[in-house]
Amino acid sequence: MPGTMKSVSSFSQLLKALTGIALFLIFWEVSTAVLHLPRFSLLPNPVSVVKEWFSFTPVSGRSIFTADYYLDIAYSVGRVMIAFSLATVLGVSLGLMMGWNRIFYDFTFPLVEIFRPMPPLSWIPLAVLILPGVEVSVVFVTFIAAFFATVLNTLLGVFSIDKNYFLRARCLGSKPIHIFTNVVVPGALPFIFTGLQIAMGIAWLSLVAGEIIAGQRGLGYAIYEGYSLFQNDQVVYYMLTLGILGYISSAAIRAVGRRLMAWESRRRGI
Amino acid sequence: MADGQQTPGAISIRHVSKIYDPEGVHVEAMRDCTFDIAAGEFAVIVGPSGCGKTTLLNAIAGFDNITAGEIYLDGELISSTRHQIKPNVDRMVVFQNGALFPWKTVLQNITYGPIVQGRMSKKEAVARAREMLDMVCLTGLEDKYPEELSSGVQRRVEILGALINEPRVVMLDEPFRGLDAVAKTVMHEFLMQLFCASPRTMFFITHDLDEAIFLGNKVVIMTTRPAQIKKIVTVDLPWPREHSIMNSKRYIDLKREVLDAVHEEAKKAFEAGEREMA
């Protein structure tokens, strides 16, 4: 039965994943706490990180039992969500329009290609200067690179559509609006979702950088604070927190993508 | 269906030429082609690869323009150097590599045309599509996506998706290319069944001479590029045809006639290719 097959394979997959993580933790512990390898000895070891992370009375005042920890998470997740949603809505719309209309493409593509490579951090001075308050600036910095990644992937998605789908749609009597909703949007969807995964990664990356430089509260800010106060355990478990949140957000995008693209997932058998 | 009335779908191709990029590379694809396809006739176009068969199809479908001549559909000018009617449901194309929308199920693919045209309600279109699937014994595949089906079934679904629109002309560009010989015979019988059930003008491009003679009323042999009409062979075999007909004397004679003409052109094309390579 396919159902049993699938659960067996996903169980063995889980086992392998957990083994990989365990091996990494052992390597980390051995190289830091046991062998005190050169350079590694400065790293906090996993045991002290976990102790601090799960402590009722953390030195830094932040652990999974304190409200501050969750406040940091809430701030960062909130910023990423707002920035990512804006990047998705605006980026997908712009990308579809550029792919759909040749004249619009000619006008906008060079601009997009100039703005796209600008590192998000280079926007900070202008963002702080013109936007009301630090909060909006951090969200803007988180948004900007994710937005361009989404635009580009959406555009490539439209370009990737087989020309014959357009011809067939025309033969079948489609008006432009039908072609847009029945060919352009679904045809670009696989690329859009690849783009959204990339955009989500970029959003987290820019967020932390933005929080370190201009932020108040949030995971990136807490990492910077840990660094300033030499709380290296705090730095590490905040990094791990970021990793976990990043993983969850990517998985969420994949799950939505699978639902919207049943035809793709059935082909790949996932 | 349209008994008594004259069935539509007569194509008249008058002195049609096509030059790609006349100012630049100047590739002459077609030169002064003139022939007629009667309404309800099954015309098969054969000729060497790259000779310009698809060029002619694109011109009739309205995908591309021509550089000289005129094309008429039922007396109405559909393409000339000044005038070109955009693609529409009168001239349905079944594409060489298949163009079913991968994101639509079989049923959605077949019903798409009549629904967007507003010719049928969704309910009517679905009922009609099921009826057609039933007729060709493809029931049970309604909710499958194209990529879950074999390419032979995909082709059949695409053909049904064309026929549901009741076009005046169905144009098929090597639709069975890449299918194995067994799958092809199934496809031929499938097409034969549909054609006999409601004859309409067919414009069928192929390399396969058996396919051409088995299916066609008329085999139009084209020359090496630039494509001209080399010969038109009328296939006077009775309908409906079965595969055993391929052993009949008349079939073998017809095949020899077509083969001789095609072979001459293939040799020319080969030599031209050699020259280009040299």
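How many helices and how many strands make up the secondary structure of chain A? Chain A comes to 11 helices and zero strands. Read from the N terminus, the order is α-α-α-α-α-α-α-α-α-α-α. When I say helix, I mean a DSSP run of H or I with at least four residues, and a strand is a run of E with at least two, numbered from the N terminus.

Before we go further, a word on the model and its labels. It is a predicted model, so local features need pLDDT of at least 70 and side-chain atom pairs count only at pLDDT 80 or more, while totals for chains, interfaces and linings use all residues. Residues are numbered from 1 along each chain as its sequence is written, and chains are lettered from A and ligands numbered from 1 in the order in which they are written.

Let's start with chain A as a whole. Its C-alpha atoms fill a box of roughly 70 × 60 × 35 Å along the principal axes. Chain A has 270 residues, and 36% of them count as buried. Buried here means that 20 or more other C-beta atoms lie within 10 Å of the residue's own; exposed means 12 or fewer, and partly exposed is in between, with C-beta atoms placed from the backbone. Now take the contacts in chain A with a separation of 6 or more: 66% of them come from residues 24 or more positions apart. Two residues are in contact if their C-beta atoms, placed from the backbone, lie within 7 Å.

How is chain A divided into domains? Domain 1 covers 1-43 and domain 2 covers 44-268, with bounds that come from an automatic or database domain assignment. Their C-alpha centres lie 28 Å apart. Where they touch, six residues of domain 1 of chain A meet four residues of domain 2 of chain A. The domain 1 side of that contact has four nonpolar residues, one polar and one charged. For those classes, Ala, Val, Leu, Ile, Met, Phe, Trp, Tyr, Cys and Pro are nonpolar, Asp, Glu, Lys and Arg are charged, and the others, Gly among them, are polar.

Next, please find helix α9 of chain A, residues 219-228. Two packed helices are described by the angle between their axes and the distance between the axes. Helix α8(A), residues 176-214, packs with α9(A) at about 55°, and the axes are 7 Å apart. The axes are lines fitted to C-alpha atoms, for helices over the stretch in contact, and angles run from 0 to 180 degrees between N-to-C directions. α8(A) and α9(A) are therefore oblique to each other; under 35 degrees would be roughly parallel, over 145 roughly antiparallel, 65 to 115 roughly perpendicular, and the rest is oblique. On the α8(A) side the contact uses L207(A), V208(A), A209(A), E211(A) and I212(A), and on the α9(A) side L219(A), G220(A), Y221(A), I223(A) and Y224(A). Those residues divide into eight nonpolar, one polar and one charged.

Helix α9(A) has another partner: α3(A), residues 67-100, at about 130° with the axes 8 Å apart. That angle makes α3(A) oblique to α9(A). D72(A), I73(A) and S76(A) of α3(A) meet L219(A), G220(A) and A222(A) of α9(A). This contact has three nonpolar, two polar and one charged residue.

Just after α7(A), G173(A) has a positive phi of about 90°.

That brings us to the partner chain. The contact between the chains takes 21 residues from chain B and 17 from chain A. On the chain B side, β6 (91-94) and α2 (106-117) each supply at least two residues. The largest share, four residues, comes from α2(B). In all, the chain B side divides into 14 nonpolar, five polar and two charged residues.

Let me finish with some backbone details in chain B. A cis peptide bond joins R225(B) and P226(B), with omega about -5°, and P226(B) sits in the loop between β9 (218-222) and β10 (229-234). The bond from W239(B) to P240(B) is also cis, with omega near -15°. H15(B), in strand β1, is not a glycine, yet its phi is positive, near 50°. H15(B) counts as exposed because it has 12 C-beta neighbours inside 10 Å.
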